[in-house]
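This report walks through selected helices, helix pairs and loop residues of one protein model. Keep the sequence and the structure open as you read.

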Amino acid sequence: MKAPSWRRAVLKVGSALIAPDETGVSTKYLLPIARFINECRERGQEVVLVSSGSVAAGRKHFNFEHKKVPVAVRKAMSAVGQNEMMGYWSRFFDSPCAQLLMTHSDLRDRARYVSIKNTLNRLLEHDILPVVNENDALATDEMKVGDNDNLSAMIATLVDADALFICSDIDGLYDSDPNLNPDAKKIPVVEQIDESIYSLAGGSVSSVGTGGMRTKVEAAEKATSHGIDTYIVNGRKGETFESLLQGDIPGTLFRRQSDPISNKKHWLRHTLVAQGEILVDEGAEKALIENGASLLSSGIVDVQGDFDRGDAVLVRSANDTDAIAKGICQYSAHELMHIKGQQTEDIAEKFGYSPITEVIHRDDLMILED
Ligand SMILES: Nc1ncnc2c1ncn2[C@@H]1O[C@H](COP(=O)(O)OP(=O)(O)O)[C@@H](O)[C@H]1O
Ligand SMILES: N[C@@H](CCC(=O)OP(=O)(O)O)C(=O)O
């Protein structure tokens with residue numbers, strides 16, 4: 001089976017490839033990766049690099065045991081390691097590299113999201129290799145994506161990539177962790193990501209990795225739902241890249257979904273964090289799911305949480321615990337408590353002004369199927 005062709009890809013490199021033996025950045029696995037990127041670019045394909053490894057690269061400057069490192073020291077490790085890592089990447093390419101450090105709070109703000117998108121597009125247009133990482137030196141836990149698998153999927157959707165390559169220290173997704181079970185079998189292709197796939201994916205057993213296979217499956221789900229073929233491949237093996245260049249599939253391919261969701265809806269579903277919940281009656285639930293309607297105040301039964309205008313909220317049936325939709329709310333929680341259950345005309349009369357008709361406009365609403 002041949003791999004689908006691609007025009008623009010995001011390639012994510014895990015910490016175990018950057019600093020495999022804890023003595024700082026090593027060229028061992030990075031050189032074949034850089035050669036692969038160069039070859040793709042010569043063929044006219046565009047690549048955005050998401051590089052982990054700042055903490056692993058900076059660790060040697062601090063005298064700390066693994067997993068017991070205080071947060072402030074991890075940040076300091078990442079600040080020095082990021083600089084060293086960029087030095088290596090820059091030396092591997094004849095054309096320039098550009099560093100982009102960001103956090104989840106940058107990606108969930110629509111204006112900053114668009115600004116990052118524009119910067120990345122301009123860099124690609126000018127044949128400059130963007131090298132992205134989370135801004136670990138500054139970010140607090142609330143601001144973070146937390147792992148670069150999910151970050152790479154967010155970047156892949158942001159740049160409208162058609163492929164995402166996650167380069168790790170393992171040959172792909174197995175039916176159990178091969179580091180714990182020697183009889184584990186590799187799964188070459190995943191057509192659909194569901195709970196059965198998640199149940200196979202364990203955490204990381206390495207001292208430098210974050211998230212293990214679970215965050216890779218999460219990333220694959222995000223990317224494939226946006227029409228991006230996602231690969232988990234072994235970046236420790238030179239033959240991986242030869243095989244990719246020949247159009248073969250050396251690891252696991254998660255095939256893209258045929259009906260990708262729009263960029264804005266993807267951002268809404270996967271990037272924005274819901275600040276509260278709106279409970280709706282059966283009529284509103286039916287209108288949202290079956291007719292693709294906007295949410296109006298008349299169908300609202302209750303409001304939970306404390307959110308402002310423009311925040312993301314979950315919409316839930318008053319009779320069920322599962323959310324049915326996520327959307328951007330045009331009213332604050334406080335305002336909704338006053339207008340819930342009322343017809344738009346009655347609100348106008350009561351408050352003496354004409355309110356926004358839709359509480360959540362259908363363009364800002366994403367139905368959550370499962
Ligand atoms: N089902 C599975 N198939 C393959 N690897 C798995 C599985 N479950 C857990 N893993 C673990 O995930 C690890 C890769 O994730 P991680 O250590 O976070 O690497 P990276 O630094 O590349 O992100 C593997 O080395 C393996 O131990
Ligand atoms: N942003 C962190 C890496 C986070 C991460 O997801 O690491 P990894 O699991 O090795 O891809 C760093 O640069 O150290």
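Where is Asp160 found? Asp160 sits in the loop between α7 and β5 (163–168). Helices here are DSSP runs of H or I with at least four residues, strands are runs of E with at least two, and both are numbered from the N terminus.

This is a predicted model, in which local features need pLDDT of at least 70 and side-chain atom pairs count only at pLDDT 80 or more, while totals for chains, interfaces and linings use all residues. Residues are numbered from 1 along each chain as its sequence is written, chains are lettered from A and ligands numbered from 1 in the order in which they are written, and side-chain values use heavy atoms, with hydrogens and water left out.

**Loop residues**

Phi of Asp160 is near 55°, a positive value in a residue other than glycine. Asp127 also has a positive phi, about 55°, and is not a glycine. Most residues other than glycine have a negative phi. Asp127 lies in the loop between α6 and β4.

How covered are they? Buried means under 20% relative accessible area, exposed over 50%, and partly exposed in between (1.4 Å probe, protein chains only).

| Residue | Relative accessibility | Class |
|---|---|---|
| Thr103 | 4% | buried |
| Asp160 | 38% | partly exposed |
| Asp127 | 54% | exposed |

Thr103 is in contact (heavy atoms within 4.5 Å) with Glu134, Asn135, Ala139 and Met143, leaving aside neighbours within four places in sequence.

Expected helix span is 1.5 Å times one less than the number of residues. For α2 (residues 30–42), 13 residues should span 18 Å; the end C-alpha atoms are 18 Å apart, which agrees. The buried residues of α2 include Leu30, Ile33, Phe36 and Ile37. The buried residues of α2 pack against β1 (8–13), α1 (15–18), β2 (46–51), α4 (71–92), β4 (129–134) and α10 (238–245). Gly44 follows α2, with a positive phi near 90°.

For α9 (residues 212–225), 14 residues should span 20 Å, and the end C-alpha atoms are 21 Å apart, which agrees. α9 is mostly covered, with eleven of its 14 residues buried. Among them are Met213, Val217, Ala220 and Lys222. Gly227 follows α9 and has a positive phi, near 85°.

**Two helix pairs**

Axes are lines fitted to C-alpha atoms, for helices over the stretch in contact, with angles from 0 to 180 degrees between N-to-C directions. The axes of α7 (residues 148–158) and α9 come within 8 Å and cross at roughly 15°. That makes α7 roughly parallel to α9. Angles under 35 degrees count as roughly parallel, over 145 as roughly antiparallel, 65 to 115 as roughly perpendicular and the rest as oblique. In α7, Asp149, Asn150, Ala153, Met154 and Thr157 meet residues of α9 including Gly212, Thr215 and Lys216. This contact of α7 with α9 divides into four nonpolar, four polar and four charged residues. Nonpolar covers Ala, Val, Leu, Ile, Met, Phe, Trp, Tyr, Cys and Pro; charged covers Asp, Glu, Lys and Arg; the others, Gly among them, are polar.

The axes of α6 (residues 110–125) and α11 (residues 263–270) come within 12 Å and cross at roughly 125°. α6 and α11 are therefore oblique to each other. Arg110, Tyr113 and Lys117 in α6 meet Asn263, Lys264 and Trp267 in α11. The residues of that contact are two nonpolar, one polar and three charged.
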